[in-house]
Amino acid sequence: MKVMKFGGTSVGTPQRMKEVTQLVTKSGEPVFVVLSAMSGTTNSLVEISDYLYKKNPDGANEVINNLERKYERHLQELYSTEACRAMTADFLREEFDYLRSFTKELFTSFEEKSIVAQGEIISTNMVVNYMKEQGIKAVLLNALDFMRTDKNAEPDPVYIKEKLSAIMEQNEGNQVYITQGFICRNAYGEIDNLQRGGSDYTASLVGAALNAEEIQIWTDIDGMHNNDPRIVDKTQPVHQLQFEEAAELAYFGAKILHPTCVQPAKYAGIPVRLLNTMQPDAEGTTISNATEYGKIKAVAAKDNITAIKIKSSRMLLATGFLRKVFEIFESYQTPIDMVCTSEVGVSMSIDNSAHLGEIMDELKKYGTVTVDTGMCIICVVGDLDWSNIGFETRVMDAMKDVPVRMISYGGSNYNISFLIREEDKKRALQSLSDHLFN
């Protein structure tokens with residue numbers, strides 16, 4: 001069985017919902033479908049929550065009413081029978097009455113998560129109703145019945161596999177199994193979510209639990225490109241990536257995929273394909289455990305980086321110096337992207353400057369601190385094992401006219417990174433494309 005996940009733009013209109021239905025039933029084989037909320041819906045639900053936090057029920061009700069009218073318009077276009085329109089209209093009425101009920105109660109983060117979960121609940125009900133109207137044997141499986149996180153807010157794969165396997169057995173014989181992406185319950189049974197990349201994460205967890213043949217992530221882009229198509233000319237989709245390569249690209253700027261969401265598929269050895277609902281016949285990108293040896297695959301960039309350098313003569317041979325430095329960043333929950341060390345100093349980059357002032361004050365206890373803002377990390381990804389002689393020369397040659405603040409290589413066999421000024425980003429990306437791919 002294949003798992004197919006469709007994002008918000010893929011189910012963003014009634015016409016797109018019809019196209020998704022054609023895609024999932026094309027093969028005639030049983031499939032498991034994970035759906036996001038219709039595009040724009042989650043933002044509206046977050047806005048409703050924001051009004052309720054601010055104790056403004058009138059503002060919340062106005063957004064609820066606007067959202068309800070939007071969905072009512074979809075009914076006429078999506079369904080061809082009055083019975084199906086009436087059934088879905090009743091469901092939507094209950095949903096929006098449920099949202100209005102929050103305007104009369106105390107509002108906390110628990111209520112917010114319940115509100116935000118309704119986007120996926122609405123989209124899956126609408127699509128499964130349409131499929132049934134078309135005579136397709138489709139069944140809706142509530143993600144809240146099997147998707148759960150543990151006390152560390154991490155997915156609980158043993159629980160998910162056990163519950164989902166039992167539910168699938170009870171619903172055997174259907175052609176399409178549909179569930180909600182993103183939403184789950186936490187270890188205490190409360191409605192929660194998988195946060196960033198949540199629907200992709202759901203698909204990966206479901207695929208691992210069912211030992212799926214393949215996990216397909218359908219978006220509005222034809223796979224991961226070898227560079228940023230918004231900035232660079234003549235980019236091409238990358239047809240094959242190793243899981244580590246995909247994670248590096250996702251972390252350093254390829255927004256099509258969140259870096260953590262494919263981990264369950266990686267550990268289960270299940271390939272992940274990134275496909276385009278607008279161009280369903282395009283090859284897209286396949287991510288698997290296979291490596292294409294000696295090949296540079298792609299370039300990505302990450303903006304809004306801050307570089308911090310601490311210089312100290314006391315660092316020389318000082319046991320525990322780096323531990324003290326890293327503990328400062330840990331205490332302010334600020335991850336470090338790149339690290340370079342010398343005998344008398346250490347340079348680091350961060351992408352979250354919320355606590356920069358406090359971090360600098362702490363670091364000044366150990367040495368002289370300098371900060372560079374407005375920086376950008378350029379990441380080159382591929383099979384960059386140190387035994388592949390000459391690859392670094394090609395990369396460095398492409399960067400010869402770009403001032404480089406830091407270089408990081410050796411932490412991974414799949415990545416070499418450069419810290420540069422944001423104003424040099426476009427020039428660097430284009431030069432790398434020209435030297436490596438064009």
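Conventions. I worked with a predicted model, in which local features need pLDDT of at least 70 and side-chain atom pairs count only at pLDDT 80 or more, while totals for chains, interfaces and linings use all residues. Residues are numbered from 1 along each chain as its sequence is written, and side-chain values use heavy atoms, with hydrogens and water left out.

Salt bridges. I looked up the total and found 24 salt bridges, each being a side-chain nitrogen of Lys or Arg within 4 Å of a carboxyl oxygen of Asp or Glu. I noted Asp 200 with Lys 5, whose closest N and O atoms are 2.9 Å apart. This pair links distant parts of the chain, with Asp 200 in helix 8 (residues 198-210) and Lys 5 in strand 1 (residues 2-6), 195 residues apart; helices (H or I, at least four residues) and strands (E, at least two) are DSSP runs, numbered from the N terminus. I recorded both Asp 200 and Lys 5 as buried, where buried means under 20% relative accessible area, exposed over 50% and partly exposed in between (1.4 Å probe, protein chains only).

I then checked Arg 230 and Asp 228, which form a salt bridge at 2.8 Å, N to O; Arg 230 is exposed at 68%, whereas Asp 228 is buried at 16%.

Patch. I found a nonpolar surface patch of about 200 Å² made by Leu 322, Phe 326 and Val 339, the rule being residues with over 30% relative accessible area and no salt bridge, with like charges joined within 9 Å and nonpolar side chains (Val, Leu, Ile, Met, Phe, Trp, Tyr) within 5 Å. Val 339 lies in strand 12 (residues 338-341) and counts as partly exposed because its relative accessibility is 35%.

Key. Accessible areas come from the Shrake-Rupley method with a 1.4 Å probe; for residues, only the protein chains shown count as cover.
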